[in-house]
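Trainee: Hi! Could you walk me through this one before I start working with it?
Mentor: Happy to, let's have a look together.

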Amino acid sequence: HHHRIMRDKYHPGYFGKVGMRHFRVVKNRKFCPTINVDKIIGAAGEGYYEAAKNGDGKAPIIDLVSLGYFKLLGNGQIDVPLIVKAKYFSKLAEKRIVAAG
């Protein structure tokens with residue numbers, strides 16, 4: 001009777017305990033939607049590019065968390081000064097935002 005476990009547990013439809021237990025599982029800890037530098041003006045909406053281009057030293061503020069993005073990645077180019085708020089920035093993204101103004 002106890003030998004049957006090895007035969008049953010590796011077959012489809014087996015109902016029972018499988019694998020390791022993970023105590024205190026927090027499901028949303030790995031949730032981190034990302035966006036690239038070249039996409040943030042499109043995600044922010046209309047009017048941000050024009051405001052940044054002829055803002056006379058005032059850069060518009062883009063809050064990525066309110067748009068549903070937590071991390072800014074550095075793919076692409078940006079040519080206008082912006083102030084970007086996010087939870088996480090990659091090193092390249094930070095470098096490109098600072099270089100743009």
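**The sheet, the core and a helix**

Mentor: Let's start with the sheet: it is open, built from 3 strands in the order 1-3-5, and the pairing is parallel. Keep in mind that this is a predicted model.

Trainee: Which are the edge strands?

Mentor: Strand 1 and strand 5 (88-89), each of which pairs on one side only.

Trainee: And how many bridges hold strand 3 and strand 5 as a pair?

Mentor: They pair in the parallel sense over 2 bridges. Leu72 has Phe89 in strand 5 as its bridge partner.

Trainee: Switching to helix 5, which of its residues are buried?

Mentor: Helix 5 spans residues 91-100, and its buried residues are Ala93, Ile97 and Ala100. Looking down the helix axis, these fall within an arc of 65°, so they line one face of helix 5.

Trainee: What does that buried side pack against?

Mentor: The buried residues of helix 5 pack against helix 2 (40-44), strand 3 (71-73) and strand 4 (83-85).

Trainee: And what's on the face turned away?

Mentor: That face of helix 5 carries the exposed residues Lys91, Lys95, Val98 and Ala99.

Trainee: Okay, the core next. How many residues does the largest nonpolar one have?

Mentor: It has 16 residues, and those with the most contacts inside it are Ile40, Leu64, Leu72, Ile78, Leu82 and Val84. Helix 2 and helix 5 are the elements that give two or more residues to this core. As background, nonpolar side chains tend to be buried together in soluble globular proteins.

Trainee: Let's zoom in on Leu82. What does it touch, leaving out residues up to four places away in sequence?

Mentor: Leu82 touches Ile40, Ile41, Ala52, Ala59, Pro60, Ile62 and Ile97. Ile97 is also one of the buried residues of helix 5.

Trainee: Where does Ala86 sit?

Mentor: Ala86 is in the loop between strand 4 and strand 5. Not counting residues up to four places away in sequence, Ala86 touches Leu64, Val65 and Phe70. Ala86 and Leu64 are 22 residues apart in sequence, but their C-alpha atoms are 5.4 Å apart in space.

Trainee: Last one: what is the phi of Arg24 near?

Mentor: It is near 55°, a positive value in a residue other than glycine. Arg24 belongs to the loop between helix 1 (4-8) and strand 1 (34-36).

Trainee: Is Arg24 buried or exposed?

Mentor: Arg24 is exposed, with a relative accessible area of 80%.

Notes: Residues numbered from 1 in each chain as written. Predicted model: local features only at pLDDT ≥ 70, side-chain atom pairs only at ≥ 80, totals over all residues. Heavy atoms only, no water. Helix = DSSP H or I, 4+ residues; strand = E, 2+ residues; numbered from the N terminus. Buried < 20%, exposed > 50% of the residue type's maximum accessible area, 1.4 Å probe, protein only. Arc of directions from axis to C-beta. Contact = heavy atoms within 4.5 Å. Pairing = 2+ DSSP bridges. Core = buried A, V, L, I, M, F, W, Y, C linked by side-chain atoms within 4.5 Å.
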